[in-house]
Amino acid sequence: MVNVAHAAPQPPRIGILGGGFMARVHSRAARSASAALDSVAASNPSRSAEVAAELGFAQPAAGAELFARSLDVIHICTPNDVHAAQSLQALDTGSNIICEKPLATNSVEARAVLARAEAAGLRGTVPFVYRYHPMVREARARFREGQAGTLLTVDAGYLQDWLLGSGDENWRVESERGGPSRAFADIGSHLVDLIEFIVGDRISSLVATTRTVHPRRGGAPVTTEDTVAVTVEFAGGAIGSLLVSQLAPGRKNGLTVEIAGTEASMRFEQEQPENLWFGRRADSRLLVRDPDTLSADAARLCEVPAGHPQGYQDAFNAFVADSYALFAGEPRDGVPLLADGLRAVLITEAVLKSVEQRSWVEVESL
Ligand code: SOE
């Protein structure tokens, strides 16, 4: 049975800040959840007009105008350096927020966003969207049921190649706009969120090393990291290793998580999201997404029957629909909240501190 029970009860009026790739993904998800697409603010007025027409918004808006439109939800899809300030503005004008990661470029600002939301009685979510693949939910359900036993190790990586060459440029590379961490804040944060989401344990300490392979891009010096290797310890005693790179030739969005427990292992590969490998000393299996055989939480996120592949945009659609439902007061399990955004910032800061000190560091708690 296909279950589409994650539709929001009352579709909200929404606006989007930003006009790039993520604004497109968010707008498709908002449309899928039947939101009223009110206004969009891109980098300048003519760009806003183009994006509004292209994405089907009622009108373009300058940033300040958008905040004045009493929107139910503001999606923040702008460069990292303005996420926290725009989140605060949105909350101050009474809107719930869906803010792209990182929630802020430092934990002081991320904490301020959480405090403001709480004081205003508003909610926010952060798109750690890989949580919304049904086979991730299946891994989580099986792990929580004890099918893997006690967690021993985690072997995880997130590899991309879009910044492989010294000529590859993007605002994320510049620390003024992207923040002090690039590869880890951009994609390592997804990896940590996904691991902790599946196993329900927290990384308590880590030691990290990074490399900036290209010291200059586009004629300008680069201070943010291209590659990161991290050894981690979990509060519950397990250990693990994470490899994060945006210079891995041929890898486009290669997020992989393999956990090994005393009874079984599980491996999820984001580029093959219809499968989950479930390994035992005897009888290992490749599980396929089939709503008739999955846990309730995984089946809830199945948009189409078995054998009809679903993927990234479906995950994003479900995340946005769940966010809207949560904002409307409906309970939803496993939605990445502002606290999860803060958690990612704290882990990123621990990575940077470890690199600077060349030593193990404890991850600050929430
Ligand atoms: C680029 O590295 C990027 O688009 C990230 O910013 C996203 O968060 C990730 O989901 C895919 O890759």
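This is a predicted model: local features need pLDDT of at least 70, side-chain atom pairs count only at pLDDT 80 or more; totals for chains, interfaces and linings use all residues.

Modeller: Happy to! Two strands pair if DSSP finds at least two bridges between them; helices (H or I, at least four residues) and strands (E, at least two) are DSSP runs, numbered from the N terminus. Residues are numbered from 1 along each chain as its sequence is written.

Biologist: In which sense do S8 and S11 pair?

Modeller: Strand S8 covers residues 203–211 and strand S11 residues 227–234. Ile 203 stands opposite Phe 234 in S11. Eight bridges join S8 and S11, and the sense is antiparallel.

Biologist: Which strands stand at the edges of the sheet?

Modeller: Nine strands make an open, mixed sheet in the order S16-S15-S14-S13-S7-S12-S11-S8-S17. Two of them have a single partner strand each, so one side of each lacks a neighbour in the sheet. They are S16 (285–288) and S17 (361–362).

Biologist: Are the residues on both faces of S4 buried or exposed?

Modeller: Strand S4 spans residues 73–76, with Val 73 and His 75 on one side and Ile 74 and Ile 76 on the other. Buried means under 20% relative accessible area, exposed over 50% and partly exposed in between, using a 1.4 Å probe and protein chains only. All four of these residues are buried.

Biologist: Which residue of S5 stands opposite Val 73?

Modeller: S4 and strand S5 (residues 96–99) run parallel, joined by four bridges. Opposite Val 73 stands Asn 96.

Technical notes
Side-chain values use heavy atoms; hydrogens and water are left out.
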